[in-house]
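Student: I would like to learn how to read a protein model, one feature at a time. Can we go through this one together?

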Amino acid sequence: MKNVFKIVLITVLIALGVWLWFILFPSPEKIIRYRLEKLAHTVSFSKNEGNFSRIASAESVGGFFSTNVEVTINIPGYKQQTLAGRAEITQFALASRTRAGDLSVKFPDVTVTIAPDKQSATADVTAEANVAGEKDAIVQEIKFTFEKTAEGWLIKRVETVRPLS
């Protein structure tokens, strides 16, 4: 009976150790998925948002990107946007919050590929945006390129994926 108890206890401790390992040291894929989820939440806003909250959220958007980031977004029906650097992204986020009413962004489909060197990754994302005053949601395929830095996994490049036609 003592041996069975010891075996069960050891098994539980090993399982707990493995679970704790995955919680404390998540995989790069899990970290990138979490960052993208947090980015979608951060860029979303409502017209009832206060000025302080609006500025703070716009400032925090820049923290997801590397300092030398390049963004090229081409959404049908809208003007193409090309941004370079964290400062431009922050300014664009703030300007968007003052111009638009509500914006809700979701990334329902994310595929992450980690490079063999584990220092970079790509995420192919389906972005779904609901804009106030628009009848239909905007759905767009976007490719994010990440790089691992001392600050963590930061976005280095963003570009829309052109549909096959």
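Student: How many residues does α4 have, and what span should they have at 1.5 Å a residue?

Tutor: Keep in mind that this is a predicted model. At 1.5 Å a residue, the 14 residues of α4 should span 20 Å. The end C-alpha atoms of α4 are 20 Å apart, which agrees with that expectation.

Student: Which residues of α4 are buried?

Tutor: Start with the general idea. An α-helix has 3.6 residues a turn, so residues three or four places apart point the same way. In α4 the buried residues are Ile 89, Thr 90, Ala 93, Ser 96 and Arg 97. They cover an arc of only 125° around the axis, and therefore sit on the same side of α4.

Student: Which exposed residues are on the face turned away from the buried side of α4?

Tutor: That face carries Ala 87, Gln 91, Thr 98 and Arg 99. As for the buried residues of α4, their cover includes α2, α3, β1 and β2.

Student: What about α2: which of its residues are buried, and which are exposed on the other side?

Tutor: Read α2 in the same steps. Its 16 residues should span 22 Å at 1.5 Å a residue, and the end C-alpha atoms are 22 Å apart, which agrees. Ile 32, Leu 36, Leu 39, Ala 40 and Thr 42 are buried in α2. Seen down the axis, these buried residues fall within an arc of 165°, so they line one face of the helix. Lys 30, Tyr 34, Glu 37 and His 41 are exposed on the other side of α2.

Student: Why does His 41 count as exposed?

Tutor: The cut-off for exposed is over 50% relative accessible area. His 41 has 64%, so His 41 is exposed. His 41 is found in helix α2, residues 28–43.

Student: Is Ser 57 buried or exposed?

Tutor: Buried means under 20% relative accessible area. Ser 57 has 18% relative accessibility, so Ser 57 counts as buried. Ser 57 has its place in helix α3, residues 51–61. Beyond its neighbours within four places in sequence, Ser 57 is in contact with Thr 42, Glu 49 and Arg 97. His 41 and Ser 57 are 16 residues apart in sequence, and their C-alpha atoms are 9.8 Å apart in space.

Student: Now the strands. In what order do they form the sheet?

Tutor: Strands of a sheet pair through backbone hydrogen bonds, either parallel or antiparallel. Here six strands form an open sheet in the order β2-β1-β6-β5-β4-β3, with mixed pairing. The edge strands are β2 (81–84) and β3 (103–114), and each of them pairs on one side only. On average, neighbouring strands of this sheet are turned by 25° against each other, direction ignored. Helix α4 (residues 86–99) packs on the sheet and touches β1 (65–73), β2 and β6 (152–160). The direction of α4 makes about 55° with that of β1.

Student: How many bridges join β3 and β4?

Tutor: β3 and β4 (residues 120–131) pair over ten bridges in the antiparallel sense. Val 110 has Val 125 in β4 as its bridge partner, and Asp 109 stands opposite Thr 126 in β4. The hairpin of β3 and β4 has five residues between the strands, and Lys 118 there takes a positive phi near 60°.

Student: What is the bridge partner of Thr 126 in β5?

Tutor: The partner is Glu 141. β4 and β5 (residues 138–149) run antiparallel and are joined by ten bridges. Six residues lie between β4 and β5 in their hairpin, where Gly 133 in the turn has a positive phi of about 90°.

Student: What does Val 105 touch?

Tutor: Val 105 is in strand β3. Not counting residues up to four places away in sequence, Val 105 touches Ala 40, Val 43, Ser 44, Glu 128 and Ala 129. Val 105 and Glu 128 are 23 residues apart along the chain, yet their C-alpha atoms are separated by 5.7 Å. Val 105 has a relative accessible area of 16%, so Val 105 is buried.

Student: Last, which residues have the most contacts inside the largest nonpolar core?

Tutor: They are Leu 36, Phe 65, Phe 107, Phe 144 and Phe 146, in a core of 30 residues. At least two residues of this core come from each of α2, α3, β1, α4, β3, β4, β5 and β6. β4 supplies the largest share, five residues.

Technical notes:
Residues numbered from 1 in each chain as written. Predicted model: local features only at pLDDT ≥ 70, side-chain atom pairs only at ≥ 80, totals over all residues. Heavy atoms only, no water. Pairing = 2+ DSSP bridges. Helix = DSSP H or I, 4+ residues; strand = E, 2+ residues; numbered from the N terminus. Axes fitted to C-alpha atoms, helices over the stretch in contact; angles between N-to-C directions. Contact = heavy atoms within 4.5 Å. Buried < 20%, exposed > 50% of the residue type's maximum accessible area, 1.4 Å probe, protein only. Core = buried A, V, L, I, M, F, W, Y, C linked by side-chain atoms within 4.5 Å. Expected span 1.5 Å × (residues − 1). Arc of directions from axis to C-beta.
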